[in-house]
Amino acid sequence: MSQVIVLNRTNRALGLCSSLFLFCLLTVAAVPLRAQTGATPAATTTPAPSEPTPQPATPTPHAPAVSTQPAASSQTTTTPSAPQQPGTQPPALQPSAQQPGTQPAPNSDQPTPTIKVQVNEVNLIFTVTDKKGKFITGLKQENFGLLDNQRPPEAVLRFQQQTNLPLRVGIMLDTSSSIRQRFQFEQDSAIEFLLQILHRDDRAFVEGFDIQTDLAQDFTNNVDHLNQGIRKLRPGGGTALFDALYKTCKDQMLPLQDTGAVRRALILVSDGDDNYSRVQESDAIKMCQRADTIVYTISTNISPSKDKGDDVLKQISEATGGQPFYPVKLEDVAIGFRNIEEELRSQYHLVYRPANLKMDGSFRTIYLQATDPRYHVRAQKGYFAPRPIQ
């Protein structure tokens with residue numbers, strides 16, 4: 001059975017001041033995700049990139065599933081990379097041999113079979129970039145550290161680089177009066193995005209929102225229907241952004257019943273100004289986290305200075321593991337869509353069993369970091385533990 005080795009908190013005697021500093025650092029640092037086994041390695045690992053530049057997308061070796069339980073949905077956290085101690089490198093991961101009664105880890109380009117039952121496993125999907133924002137691929141399991149509710153996970157069950165997970169994507173276009181002059185360009189950009197990103201197993205929906213939501217086209221793989229839905233939307237009215245986000249995650253994302261691992265994402269195009277919502281921003285974010293949904297935001301504010309609405313979009317994106325985009329001119333809205341398309345195909349997938357998981361519905365924080373300080377991990381802030389089955 002694969003396990004996670006707890007980070008060694010013992011440091012050599014460095015003097016009173018150094019010891020105190022290292023103790024504080026290690027108190028919050030995540031442990032490397034190492035699998036411990038005495039069996040013969042079943043696969044050879046791929047070397048991690050040595051320079052902070054994009055590497056060719058090479059599937060990483062699969063840590064074998066040590067449990068026949070299917071993966072449950074989860075949320076993850078965005079945390080800046082902690083500095084690595086000088087001279088320390090995590091040991092190479094040795095994947096364990098296939099255990100009797102378990103299934104081999106699926107190919108990263110294939111859907112992961114799951115059964116929707118209550119289990120104590122967590123799925124994390126996250127992105128790694130360098131300091132210039134370029135995507136880093138080809139990293140291995142031991143290149144990351146993780147704390148779940150301030151404790152190392154009980155076991156890491158699977159780690160893969162995912163490039164072709166099926167997508168469940170929602171396009172949310174702000175149709176309030178404040179974006180009337182920019183609306184047609186936003187429509188064109190959204191249509192082009194869907195044309196480029198949708199593959200055979202993907203599905204998307206389109207909605208507009210002002211003081212109410214307007215589901216112009218429900219989940220479908222038909223780009224023509226999505227195109228028609230986008231063209232039907234008309235701007236006008238106030239802005240109830242938080243209400244729309246809450247309702248969309250609750251009605252569209254939360255009820256999804258997929259038979260395999262999927263990537264759920266919303267692309268929210270708005271100026272971020274809310275003047276009509278009844279729910280709070282925090283409530284909308286929590287619903288996104290319950291629905292395992294990443295939110296990418298594209299600001300329609302193209303003025304030289306950022307305003308309060310831009311801060312709102314940033315908070316929503318970062319809390320859910322997405323990213324905000326701030327176009328400096330109208331044409332850059334399309335660039336924001338293209339960046340999101342690239343990111344959705346450049347992510348990692350980690351499945352682990354948390355320690356001391358209580359089925360009480362409480363929110364559990366996750367701290368995920370790269371052991372190399374040159375890399376930044378972007379993921380969701382946490383997830384809600386399941387409640388007992390009634």
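Predicted model: local features only at pLDDT ≥ 70, side-chain atom pairs only at ≥ 80, totals over all residues.
Although Pro 386 and Asn 120 are 266 residues apart in sequence, their C-alpha atoms are 8.4 Å apart in space.

## The largest nonpolar core

The largest nonpolar core holds 30 residues, and among these Ile 171, Phe 193, Leu 194, Ile 267 and Phe 337 touch the most other members. The elements that each give two or more residues to this core are the strands S5 (167–174), S6 (203–209), S8 (263–270) and S9 (294–299), together with the helices H2 (183–197), H3 (223–232) and H7 (332–344). Helix H2 supplies the largest share, which amounts to six residues.

## Aromatic pairs

A search of the whole structure finds eight aromatic pairs. One of them joins Phe 159 and Tyr 348, whose ring centres are 5.8 Å apart and whose planes meet at 25°, so this pair is stacked. The pair links distant parts of the chain, since Phe 159 belongs to strand S4 and Tyr 348 to strand S11, 189 residues apart. Both Phe 159 and Tyr 348 are buried, and they form one aromatic cluster together with Phe 126 and Phe 144.

Phe 205 and Phe 219 form an edge-to-face pair, with 4.9 Å from centre to centre and 75° between the planes. Phe 205 is in strand S6 and Phe 219 is in strand S7 (residues 213–220), 14 residues apart, and both residues are buried.

## Charges over rings

Phe 219 also has a charged neighbour, for Arg 203 lies over the face of its ring, at 5.4 Å from the ring centre. In a further case, Lys 306 lies over the face of Tyr 326, at 4.5 Å from the ring centre.

## Two loop residues with positive phi

Gln 150 is not a glycine, yet it has a positive phi of about 70°. The residue lies in the loop between strand S3 (144–148) and strand S4 (155–162), and Gln 150 counts as exposed because its relative accessibility is 70%.

Asn 356, likewise not a glycine, has a positive phi of about 55°. Asn 356 is found in the loop that runs between strand S11 (347–353) and strand S12 (363–370), and with a relative accessibility of 45% Asn 356 counts as partly exposed.

Terms used:
Residues numbered from 1 in each chain as written. Heavy atoms only, no water. Helix = DSSP H or I, 4+ residues; strand = E, 2+ residues; numbered from the N terminus. Buried < 20%, exposed > 50% of the residue type's maximum accessible area, 1.4 Å probe, protein only. Core = buried A, V, L, I, M, F, W, Y, C linked by side-chain atoms within 4.5 Å. Phe/Tyr/Trp six-rings, centres within 6.5 Å; stacked < 30°, edge-to-face > 60°. Lys NZ or Arg CZ within 6 Å of the ring centre and 35° of its normal.
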